[in-house]
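Here's a quick briefing to read alongside the model. Have the viewer open and follow along, topic by topic.

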Amino acid sequence: SKLAGQQVTLEFVVDTAGKPVLITSATPGADAELVAAVTSAVEQWRFSPAKVNGAPVAKKVILPVNIVESFDRAAVAMKE
């Protein structure tokens with residue numbers, strides 16, 4: 001697999017609803033296909049929003065992702 005063994009770090013904001021928004025790559029020169037695949041996966045995730053004094057707040061997240069062999073096959077299967 002071309003993507004296996006690669007790493008990319010994403011930065012994004014978890015909004016007050018727990019949705020990841022403003023997703024960008026923090027890895028200079030990262031493979032565009034890898035960034036797109038990981039970004040589309042993270043877009044589906046939902047988080048528990050951070051809270052300040054009991055109220056949800058938006059919070060920046062930095063997420064390192066290491067690609068294992070099975071990721072590429074799963075991504076291809078989902079696109080078919």
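**Quick tour of the fold**

There are two helices and five strands in this chain. Keep in mind that you're looking at a predicted model. Going along the sequence, the elements come in the order β-β-α-β-β-β-α.

**Overall numbers**

- The chain has 80 residues, and 24% of them count as buried.
- Take the contacts with a separation of 6 or more: 66% of them are between residues 24 or more positions apart.

**How β1 is paired**

- Strand β1 covers residues 7-14 and runs antiparallel to β5 (residues 59-66), with eight bridges between the two.
- If you want a spot to start from in that pairing, Val14 has Lys59 of β5 as its bridge partner.
- β1 also pairs with β2 (residues 20-25), again in the antiparallel sense, this time over four bridges.
- Here you can pick out Glu11, whose bridge partner in β2 is Thr24.
- β1 and β2 make up a hairpin, with five residues sitting between the strands.
- In the turn of that hairpin, Gly18 has a positive phi of about 85°.

**Thr9, a buried residue in β1**

- Thr9 belongs to strand β1.
- Its relative accessibility is 18%, so Thr9 counts as buried, the cut-off being under 20%.
- Setting aside neighbours within four places in sequence, Thr9 touches Thr24, Ser25, Ala26 and Thr27, and also Ile62, Leu63 and Pro64.
- Of these contacts, Thr24 is the residue that bridges to Glu11.

- As background, a negative phi is what most residues other than glycine have.
- Leu22 isn't a glycine, yet its phi is positive, at about 55°.
- You'll find Leu22 in strand β2.
- Leu22 counts as exposed because its relative accessibility is 66%, and the cut-off for that is over 50%.
- Asn53 is another non-glycine residue with a positive phi, near 55°.
- Asn53 sits in the loop between β3 (50-52) and β4 (55-57).
- With a relative accessibility of 80%, Asn53 counts as exposed too.

- Is Phe12 buried or exposed? At 1% relative accessibility, Phe12 counts as buried.
- Phe47, on the other hand, has 29% relative accessibility and so counts as partly exposed, a class that lies between the 20% and 50% cut-offs.

Key:
Residues numbered from 1 in each chain as written. Predicted model: local features only at pLDDT ≥ 70, side-chain atom pairs only at ≥ 80, totals over all residues. Heavy atoms only, no water. Pairing = 2+ DSSP bridges. Buried < 20%, exposed > 50% of the residue type's maximum accessible area, 1.4 Å probe, protein only. Contact = heavy atoms within 4.5 Å.
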